[in-house]
Structures are given as C-alpha cells and as structure tokens.
Amino acid sequence: MGIVSQEPVTRLSALASISLLVAAAPLYAAETAALDLPAGRLSDAVATLAAQTGASVSAADGMIWSMRVAPLRGRMSAEEALRRLLRGSRGRLVSLGGNSFRIVPAAPVLARRAAPQVQPQPIESEDEGQAIIVTASKRDTRLRDFAGSVSLLDGTDLSFGGEQGMESILARVASLSSTHLGAGRNKLFIRGIADSSFTGPTQATVGQYLGDMRLTYNAPDPDLRLYDIQSVEILEGPQGTLYGAGSLGGVIRIVRNAPALGETGGALSAGLSATQHGDPSGDIGGMINLPVLGDRVAVRAVGYGITEGGYIDDVWRRKQDVNRTRIAGGRATLRVDAGDGWTVDLGGVYQDNHGRDSQYADAAIGGLNRASRLPGGFDADYALGEVVVTKRWDDISFLSSTGLIRQHLDERYDATMAAIGERQFRQRNTTHMFATENRLWRPTRDGYGWVLGGSYTRNRTDLERSLGPVGMPVAVTGVSNRIRELTLYGEASVEPVRGLTLTGGARYTRSKLGGGADDPLPAFSAAIEAARAAIIASRTEKRLLPSASVSAALVPGLLVFARYQQGFRPGGLAIESGFVRRFRNDKVSTLETGLRYGARGRDPVDLSLSLSYTSWDNIQADFIDGGGLPSTDNIGDGRIYSLSGAVGWRPLRGLTLDLAATYNDSRVTDPSSALLLALAAAPVNSFTGARTGGQSRIPNVARFTTRLGLDYRVPLSEALEFRINGWARYIGKSRLGIGPILGDLQGDYLDTAVTARIGRPDLGVSLSVTNLTDAIGNRFALGTPFATTGGGQITPLRPRTIRIGVDTSF
C-alpha cells in the first residue's frame, strides 16, 4: 500500500505524495486475503468482506442488499470476491479506485429482459471500457470528453443524515445559490447569473429536470424531496442549445432510481430533530418496488412526510416559533417492458408545502425575533404526470417524454402601515404547463457522435393579487402570461485526431407570447384603452442559439476545454403601479475555458478549474414600484466574470477531502432608465445609514463562495461500518435586488454540518448536527417588501439542530 510522507510539505514532497497515491491506487484493489464469506443476504457477505479486507462498498439501489448469495471461500482480492458474489445478478461492480467499490444496476441481458434501462448509469468503470457518463448532455457524453463545468452528486450522499431537498444540493455545490423564502417558493441561481428575489412573471434562470421531464418554466423551485434518488447532475450554463429558454445559469437534472423489473424490495428512513431556540422536527420516508406482471411490468413508489419546527419569535403578537413548515408528498413510476427494446414509463409526482408564517427576523430587534402585526406564510403545491418512451438500437437511442404540470403558490405578506392600519398582501401564482420532447442520439464513439431533437412547450401563468384588511381584501391588478414554444436543436462532435474533440450545435426557437390584465385600473380614455390592447396583444419571437466547443485530452486523465454558448428568456407582461406593461427578452453569451483532471470518488486526486466571461443583454430583474408592490423590468446590460475551482484528495484509505470555491464579479454596465430612476429614488437606509440600492452589481450574486468537505469510512467489525461526513460553506456578501428596500446587503455567513452513521449497508443509525456554531447569519434580506424598519430584515440560518435517524432496506 502507498505511504504518504509526514515530513514538512515542500513542493517536491507534495508532488512525490501525489505520485505515490496514484501509483498505490491499483495496489489497494490487488491485495489478496484468505476470505470466508457466509451464504445468505448480500449485505451480510459484504459486511464480512469489509471486515476481512477493509473494502468500502456502496450501492446505487439499496434493494440489492437483500439479494441471496452463495458462500465464498478462498484467497482472492476484494474486487474478485465482489465480482463473484454479483455474478449472474442484477448488480454490476464499479471500481472507484483504491479499495472502494460501488454496485450499480447491471445492463439487462437481452435473453432474460428485452428492455434496457432508461437512464444510463452515471458512474461506470474505466477499466471495463466504460466511463463516468454525463446523462444531462442528452447523448451520454463521457465525463472525460465533456467540454464544460459539471458537478455529479451521488443520490445516497444527498440523503445521508436526513433528507433536505434542494438544501442538500446547495450544501455540496459552491457555484449554486438560492433565495430563502421557504420550501416551494425559492429561485435558484448558478454561476452568478441571478435576476430577482420574487416569484413573478420572469422565467427561471436555471432549468430543472426530473429525469427528462422539465419541472418548471417561470415558477419557483418546487423543492422536491430527494428520496430514492440515483444522482443529481448540474451543468453550468448557459445551456441554450440543448435546453433552450430558461437555462441561462445552467441545468439541474435529478435522476430517480428506476423500477426494478421482477424484483421486490423497499427502504425506510426516519428521524427526530431538536432545534436550539426552536420546536422539534421529524421526518419519515419510504420506497417500495413491486413486480406487477412477472419481469415485464413493475412499479416503484416513494412517500414521505416532514415537519420542520419553527424558530422565529414574534414579539408583537407574543407568539413563539411561528415559522413551522410541513411537507408531504410522493411519486410513483410504472415501468412496462414492451418488448423489442421498447420501454414505457408512466409516472406521477405530488408535493404539498405549507409554511405557517414567514421565516424572517428583524435585526434591529436582535436574535431570532421580529414584530409583525399579521402572520405571513405560504402554501405551495406541485403536481406532475408524465409518459416516457425509450428505444435503444445497437448504437442509436430514442427518447420521448411528455408531461403535464400544475404548480400553485399562495403567498401572504404583512403589509401593515402605521398611517393605514393592519393590511395583508396576498399573491397567488398558478402555473399550468404541457411539455413534450423527442430526440435521437448516438454517443461519441469511434470518432463521432450526435443528437437531434425537437420540443413543444405550452405554459400559462396567472398572477392574482389582493391588498387590504384580513377577511376584506381588495383585488389589485394582476397579470397572466401565456407562451407557446416550438424548438428544433442539434449537436454533433467529431474527433479528427485522437484526444481532440470538436463540437458544434444550434437551437432554433419560435415563441408565441400573449397574456392579459386581471382587475386592471379603469381606462379613462380611448387612447389608454388602445395602448393597453397593444401591450397585451400576442406577438412572436424567434431566436437562433449557436454553440461551439473544443476539448483536448493532453495527458491521460487531463482534459482542457473551451466553449461558447448562448441562452435567452422570452419577454412578458408585468404590473407597475396598477398598469400592465411589457418587459423585453434577455440574452446571455458566455465564453468559458477550463480543465478537469481525474474523477471524484474514483481517482486519488481530482481537480477542476473554470474561467468564464458572460455578457448579459436586457437583464430582467425585480424592483418595488411606487405602490410598494413588486414589479419586473429590464434594468440594462451587464457582464459577469466567474472563476471556480474544486479539488478532491484521498490521502488515506477511506478518507476523502474536498475543497471548492467560486468568485463572481458582476456589474450592470449600461443601466436602463428604469434602473437609473430606481437608484435616484433610493432613500437612506435608516438601519445601515447607507443609500439603499445605490449600487450597480447584479442582484443575488455573492462575490465569493467556498466549501470544504470531509468524508471518512472505516469498518468496525464483520458486520458494521462507521462513516462520518462533514462540511463548512461560506457565502459572501450580495445585494437583495435593485432600488429602494431591495438594495439591502445579505450573505457573509458560515454554514456547517456533520453527520455520523454506524451500521450495516441495510440497517444503520445516524447522528447529525447542523449549524455547529449556532450562527444567525443572513441568508436572504427580505421577509416582506412592506416593512418600515428600513433594512433590518434578515432570514437567519436554522439554529443548531441535532437529528437522530434510522435507515433500513430490504
């Protein structure tokens, strides 16, 4: 085995240490031992193997641990023993380097099961002629060939220590950020491309997908819970060629564990949490996989319920822990092996989020306290129905996905004014979307690869608003936005010489936009009525988005790349001071260069580095209008420089260290008249003494973000393994938005967590602690736009929380 020198680190010794690690990796797996593994469940045999060899073994699907295996005796390596145990099963072994392995679903054997798996496996062994696959590339591009910045997250790691939805992803990716209004009402941002704080008419800057189904269009992140997830892939943007409108910042793709044909199994996890200064919490979630018709039809279902205790006290109403949140939902997929290589998946998703009150505090009062006359709160529900059809020939694949989505968000804000009395502002955002996409692709093998596809999306969003005393609200002007979008796209790669890949592509989009006003102010003249009719009239926008990239494998394991890509969002209708008006489409163009060495979890050392420049035209962003209500407009042109890097290192068997950082320098370089008026009207902040909104930085973009992580695994006995995972994440300063109220500072805090688990692969107990320092912080500087405290609003971190959990699979 490799030995790392403990002498003081110099440049020479550091290089020597890395060389030793690289050289030692294959030796770990090659060591042999006298093994005596019992018959019975695979989990028991693997636990014994771990005790006898020190091997670390994980599985993409916990159901495989219940598989029955024969006894195994003899002198062999851990890898050879695992391959023998899995021989003829539905599992396939992947070597992660060193003495670490992962069991993933095996590719189906045609004689036994005609239908292939819909999703290619994200992690495959290089020494088997396979590679880590970036499925979000839409053509099974190998990671070693992918020209761009990508983060690949393992599903079991995301749920380790308790399921937290999008928070689990945010904690692991330095370039990803979010607003923090509550589950089901947040907006996500990648690589500093951020627009606004509210859920308004603008399309999202990040495309979110569940498998191949688009989750949203211009609605907030539904924050689906990540139970029974295989992996998550994050492509930094823009990704206009493959994903079209709404992928300016990038794409987040969640890959579910697919139904296992002919298998019965399940999993269950539960936990209880205690929060300092707050109420207790609890969570429970489970999965079951059942055969319906032999090995031709199977169903896989997931259900969960989560209660997050409150921790904000309202001193005016004399109520404690007012911001309790309840989340309940589930999903199910029915898989049909239709024969001759065809597979059909019928699926459904539903989740309901209820926030009893807003989760902001008032820094002027101090601590986790605020003084509000009326409760805030929200209700957010999400429903999706989908049909996915796949067909795979020898080297060409076909996929068709079609879905219907309904998303509803009801938000309530305390709008009390001293001179007016108690008032509540209520905003209801309802979205209906139909989306379908069909594509053919050939992975890049033997020097070339391609993808060709088309999609159609129909989306309608209705924004209704009311303002007034509780129980007697008065409707204020709302707006509806409608869009029909038809696209054709293609991308191709060629390898003129070994190790050099050239890629080019384009996407053509034709969008028809329309909408109208709800409860508009009366038109006092024919001219005003004619102008209003012209504003809401249907119109058509056309857009061609080109892309190009080049990548070169200079030495084994090292890829250097450069790429150019564009992205856009269509315009729409917004409300300002009771009147409906248009805002224009915006567009980004990005030039990026970077390098990537090794692969996380497989190689002793991995490294990625990226530098990009983004030009952003007609930026769509939020501000507060003269009536104190949120509105949307184009604030001008801007630019963003972004530098990001990540490194992973395995200095010892079972120990992994990782470090990531992102730096963004964003500016509005050519402000619009709307922005100049907003900045001129910005008052002096009574809390900070600074001029509110007096800045030209793009909102919601932290200049600096960094993350440090640690993961350590060690066998304790023939049956038990101990694992501990911890991380610390620093979020730098950013601005909430543009203009009065929205120009406040936020960020500049440190978040931390640590989780330990002891148990077998199929049964374990865990202990987690989040926010170790019990910091307050300021994740988001907005609770209600009607507050009169002038800059005192903060959204604090959840106080120190301890969770005890149990997980099992069968």
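**View 1. Trp-342 is partly exposed, with a relative accessibility of 31%**. Partly exposed lies between buried (under 20% relative accessible area) and exposed (over 50%), using a 1.4 Å probe and protein chains only. The model is predicted: local features need pLDDT of at least 70, side-chain atom pairs count only at pLDDT 80 or more, and totals for chains, interfaces and linings use all residues. Numbering starts from 1 along each chain as its sequence is written, and side-chain values use heavy atoms, without hydrogens or water. Trp-393 is also partly exposed, at 42% relative accessibility.

View 2. The whole structure holds eight aromatic pairs (Phe, Tyr or six-membered Trp rings with centres within 6.5 Å; planes under 30 degrees apart are stacked, over 60 edge-to-face, the rest tilted). Trp-342 belongs to strand S22 (residues 342-355), while Trp-393 is in the loop between strand S25 (378-392) and strand S26 (397-414), so the pair ties together parts 51 residues apart in sequence. Strands (E, at least two residues) are DSSP runs numbered from the N terminus.

**View 3. Phe-434 and Tyr-456 form a tilted pair, because their planes stand at 55° with ring centres 6.3 Å apart**. Phe-434 comes from strand S27 (residues 424-445) and Tyr-456 from strand S28 (residues 448-468), so parts 22 residues apart in sequence are tied together. Phe-434 is partly exposed, at 21% relative accessibility. Tyr-456 is partly exposed too, with a relative accessible area of 25%.

**View 4. Three rings make one aromatic cluster**. Its members are Trp-342, Trp-393 and Phe-398.

**View 5. Arg-439 places its charged end over the ring of Trp-441**. The distance to the ring centre is 4.7 Å. A charge sits over a ring if Lys NZ or Arg CZ is within 6 Å of the ring centre and within 35 degrees of the ring normal.

**View 6. Arg-723 lies over the face of Phe-160**. Here the ring centre is 4.2 Å away.

**View 7. Leu-767 sits in strand S46**. Its relative accessible area is 45%, so Leu-767 counts as partly exposed.

Conventions
Helices (H or I, at least four residues) and strands (E, at least two) are DSSP runs, numbered from the N terminus.
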